[in-house]
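Dear colleague,

Please find below the structure that I am handing over to you, together with its sequence. My notes on it follow.

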Amino acid sequence: AAAAAAAATASACVYPRSQYDLNDFKFEPIKESIVSREMTRRYMTDMITHADTDVVIVGAGSAGLSCAYELSKNPNVRIAIVEQSVSPGGGAWLGGQLFSAMVVRKPAHLFLDEIGVPYDEQDSYVVIKHAALFTSTIMSKLLAKPNVKLFNAVAVEDLIIKEDRVAGVVTNWALVSMNHDTQSCMDPNIMEAKVVVSSCGHDGPFGATGVKRLKSVGLIDKVPGMKALDMNTAEDAIVRLTREVVPGMIVTGMEVAEIDGSPRMGPTFGAMMVSGQKAAHLALKALGMPNAIDGTFSMVGVHPELVLASAEETATASA
């Protein structure tokens with residue numbers, strides 16, 4: 001009897017009294033048209049708001065999400081994230097070779113501390129038990145911010161360029177973008193932006209599209225592509241070379257390796273996080289706001305190794 005009572009007490013602690021009766025549950029009634037209007041009105045309001053916005057981030061992988069999170073700390077900066085996939089997160093839902101764990105080299109673990117992601121600590125690195133824990137955590141915090149909007153299932157088809165300055169992006173529904181060859185002309189939409197952050201990842205079906213477009217219009221000379229894997233060289237180079245490559249456009253994450261020919265890093269993710277943070281502060285600098293690049297942003301409590309410095313324009317990565 002005592003054991004049964006103890007078990008009942010433990011169960012009550014784990015499963016407190018429900019706020020509703022699961023044996024006789026009913027939702028409040030609603031008209032179908034109300035659901036439609038709520039979704040449509042809110043989305044169209046977001047489109048109107050971000051038709052002319054402060055920062056557009058192209059690509060919601062680990063670098064893009066980290067950039068958006070850092071930028072969102074300033075409530076005066078309006079941020080639109082455009083992601084071609086229905087599910088944001090890029091390759092950060094899994095570690096290497098479809099394994100679960102995510103390896104992050106120190107001192108980038110300080111970013112994990114900030115957003116509250118637990119990990120197994122080793123001497124020079126930490127391991128998150130599942131990469132999805134990082135991605136879901138940062139998204140849950142980021143998307144709750146009132147100055148951030150994620151437009152997923154939306155493709156960036158082109159850039160707006162005026163007088164050799166990137167001034168925004170050309171957008172379309174992802175499914176429309178993928179079917180231009182099967183239908184008649186389906187014209188796009190636009191988002192003007194003071195700053196565009198390109199975090200499209202390394203080359204692939206939808207990768208490195210930002211820098212490849214810059215090359216095709218003659219704003220940069222070449223996109224040599226990333227070199228073979230060298231983790232130790234690669235991660236430092238990605239952060240160091242994160243920069244504004246042409247006026248109005250900052251490149252972050254693995255897309256940096258494509259434009260500079262630096263090595264690929266493989267399944268380590270710290271550089272994606274810190275490169276994204278650096279891109280955010282470069283964007284703040286471009287907006288004339290306090291930032292960590294020129295020292296006008298308070299870095300109290302931040303590890304000295306994470307105080308971000310601007311890359312030299314002539315810096316190059318070696319393999």
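Strand E1, helix H3 (residues 62-72) and strand E2 together form a right-handed β-α-β unit. Please bear in mind that the model is predicted.

Within this unit, E1 (residues 52-58) pairs with E2 in the parallel sense, over four bridges. In this pairing, Val-58 is found opposite Val-82 of E2. E2 is also joined to strand E6 (residues 148-152), again in parallel, by five bridges.

How many of the five residues of E2 are buried? Five of the five residues in this strand (residues 79-83) are, so E2 is largely enclosed by the rest of the structure. In a regular strand, side chains alternate between the two faces of the sheet. In E2, Ile-79, Ile-81 and Glu-83 point one way, while Ala-80 and Val-82 point the other way, and all of them are buried.

**A nonpolar patch on the surface**

A separate point concerns the surface, where Tyr-20, Leu-22, Phe-25 and Phe-27 make up a nonpolar patch. Together these residues have about 530 Å² of accessible area. One of them, Leu-22, is located in the loop between helix H1 (2-14) and helix H2 (32-49). Is Leu-22 buried or exposed? Its relative accessible area is 66%; because the cut-off for exposed is over 50%, Leu-22 counts as exposed.

With kind regards

Terms used. Residues numbered from 1 in each chain as written. Predicted model: local features only at pLDDT ≥ 70, side-chain atom pairs only at ≥ 80, totals over all residues. Heavy atoms only, no water. Buried < 20%, exposed > 50% of the residue type's maximum accessible area, 1.4 Å probe, protein only. Helix = DSSP H or I, 4+ residues; strand = E, 2+ residues; numbered from the N terminus. Pairing = 2+ DSSP bridges. Right-handed = clockwise from strand over helix to strand, strands pointing away. Patch = residues over 30% accessible without salt bridge, like charges linked within 9 Å, V, L, I, M, F, W, Y side chains within 5 Å. Areas by Shrake-Rupley, 256 points an atom, 1.4 Å probe, with all protein chains shown as cover. Salt bridge = Lys/Arg side-chain N within 4 Å of Asp/Glu carboxyl O.
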